[in-house]
Amino acid sequence: MTQSEIFAYLQTSFPDAGLVLDETQPEPLIVVPREQLLDVARLLNADEQLHFECLMCLTSIDMGEELHAVYNLYSMKHDHKCTLRCRVNREDPVIPSVSSVWATADWHEREAYDLMGITFEGHPDPRRILLPDDWEGHPLRKDYQPQKEWHGIPLEAVQPEDLEKKRENG
Amino acid sequence: MAILEGRYGPNVVITSIDKIFNWSRSRSIWPLTFGLACCAIEMMATNASRFDLDRFGIFPRPTPRQADCLLVSGTLTAKMAERVIRLYEQMAEPKYVISMGSCANSGGPYWQYGYHVVKGIDLVIPVDVYIPGCPPRPEALIDGYLRLREKIMKETIARKDS
Ligand code: SF4
């Protein structure tokens with residue numbers, strides 16, 4: 001099935017869900033409101049016609065006002081693909097976790113939480129995955145302010161004019 | 001090296017303790033390999049058969065207890081810096097540190113915007129030899145080891161009166 005056929009199929013199952021097909025992107029994507037995300041994901045995974053058994057990737061994007069989570073799905077059985085996007089306000093970045101549907105989502109959602117600060121509700125183990133547990137902030141956000149040091153380890157850039165000083169201290 | 005050989009019959013050689021110590025130390029630098037990023041690939045290539053570091057007596061060790069030299073090859077992140085300090089402290093004296101590649105020297109491509117990168121390992125541990133390059137070629141790493149050799153050859157075990 002093509003993306004628009006998948007969209008039409010989803011529309012028949014969720015007529016009032018407010019799904020939108022966005023064809024302005026190089027790869028068309030289906031925008032899903034977060035309230036419906038888990039139901040849509042379950043259907044995509046379980047339905048015989050769709051059968052998306054593989055979550056290839058889960059990424060997050062900082063779009064300014066909004067944070068987006070992007071789900072790239074693939075069906076090995078039918079050899080078709082589909083992209084979902086879930087948009088949330090950056091003041092309230094909560095999205096239901098799909099790790100109960102696709103186990104891949106477990107670590108990917110932890111990564112999106114770690115670097116973008118999206119909270120995945122219902123995640124079995126919502127910790128940071130790459131950065132240390134006591135890190136402050138979420139570095140892939142556009143307004144991120146880097147830490148100057150961490151556990152006494154300096155992280156600030158050393159400007160060329162300060163090199164001499166650095167050598168003396170080292 | 002100043003050696004008196006053949007003066008007192010066969011198998012007797014006369015030299016100074018310093019020379020013999022430095023000679024044996026500098027000819028068997030066992031590095032603790034600490035591969036952190038792309039530079040580690042060059043480090044592995046240098047250890048492998050084409051460049052064959054074994055002929056210099058350089059033989060990578062997997063544990064700090066057996067190592068003379070800490071070879072930090074790659075990007076040192078904040079999380080890893082704690083480990084590098086711990087490993088350095090576990091090594092027995094005399095110990096040396098080689099900083100391989102721009103990342104270990106100064107933060108490399110991450111020196112300004114790498115929020116998680118230590119801008120040079122010399123901010124956390126003392127360094128003896130810096131090898132520039134991104135990544136340095138195996139020849140450069142060999143040159144770094146030879147520089148370290150020169151440095152070791154200048155040492156003395158004599159202590160100043162305190
Ligand atoms: S100096 Fe270059 S090659 Fe070496 S670890 Fe850094 S980025 Fe990689």
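**Figure 1. With a relative accessible area of 34%, D143(B) is partly exposed.** A salt bridge needs a side-chain nitrogen of Lys or Arg within 4 Å of a carboxyl oxygen of Asp or Glu. Both residues sit in helix 5 (residues 138-153) of chain B, 4 residues apart, or about one turn of the helix. An α-helix has 3.6 residues a turn, so residues three or four places apart point the same way. Helices (H or I, at least four residues) and strands (E, at least two) are DSSP runs, numbered from the N terminus.

**A note on reading these views.** You are looking at a predicted model, in which local features need pLDDT of at least 70 and side-chain atom pairs count only at pLDDT 80 or more, while totals for chains, interfaces and linings use all residues; side-chain values use heavy atoms, with hydrogens and water left out. Residues are numbered from 1 along each chain as its sequence is written, and chains are lettered from A and ligands numbered from 1 in the order in which they are written.

**Figure 2. Two salt bridges of chain A join E48(A) to K77(A) and E66(A) to R87(A).** In the E48(A)–K77(A) pair, the closest N and O atoms are 2.7 Å apart. This pair links distant parts of the chain, 29 residues apart: E48(A) is in the loop between helix 2 (34-46) and strand 3 (54-62), and K77(A) is in the loop between strand 4 (66-75) and strand 5 (80-89). E48(A) is partly exposed at 48%, and K77(A) is partly exposed at 47%. For E66(A) and R87(A), the closest N and O atoms are 3.2 Å apart. That pair also links distant parts of the chain, with E66(A) in strand 4 and R87(A) in strand 5, 21 residues apart. E66(A) has a relative accessible area of 26%, and R87(A) has 41%. Elsewhere in chain A, a network of salt bridges links R34(A), E35(A) and D92(A). Over all chains, the structure holds 14 salt bridges.

**Figure 3. K95(B) is buried yet has no salt bridge.** Look for K95(B) in the loop between helix 3 (78-90) and strand 5 (96-100) of chain B. The nearest side chain of opposite charge, E93(B), is 4.4 Å away. For charge, Lys and Arg count as positive and Asp and Glu as negative, while His and the chain ends are not counted. The side chain of K95(B) does reach the backbone oxygen of Y88(B), at 2.9 Å. The backbone oxygen of M91(B) lies 3.4 Å from a polar atom of that side chain. Leaving aside neighbours within four places in sequence, K95(B) is in contact with D68(B), Y88(B), E89(B) and D128(B). Contact means heavy atoms within 4.5 Å.

**Figure 4. T75(B) lies in the loop between strand 4 (69-73) and helix 3 of chain B.** T75(B) counts as buried, at 13% relative accessibility. Not counting residues up to four places away in sequence, T75(B) touches L36(B), A37(B), C103(B), Y110(B) and V117(B). The C-alpha atoms of T75(B) and H116(B) are separated by 9.8 Å, though the two are 41 residues apart along the chain.

**Figure 5. Helix 3 (residues 105-116) of chain A has buried residues, among them A105(A), L115(A) and M116(A).** The buried residues of this helix pack against strand 3, strand 4, strand 6 (94-96) and strand 7 (119-121) of chain A. Just after the helix, G117(A) takes a positive phi of about 75 degrees.

Conventions. Buried < 20%, exposed > 50% of the residue type's maximum accessible area, 1.4 Å probe, protein only. Polar contact = N/O pair within 3.5 Å; in protein donor to acceptor, adjacent residues only side chain to side chain.
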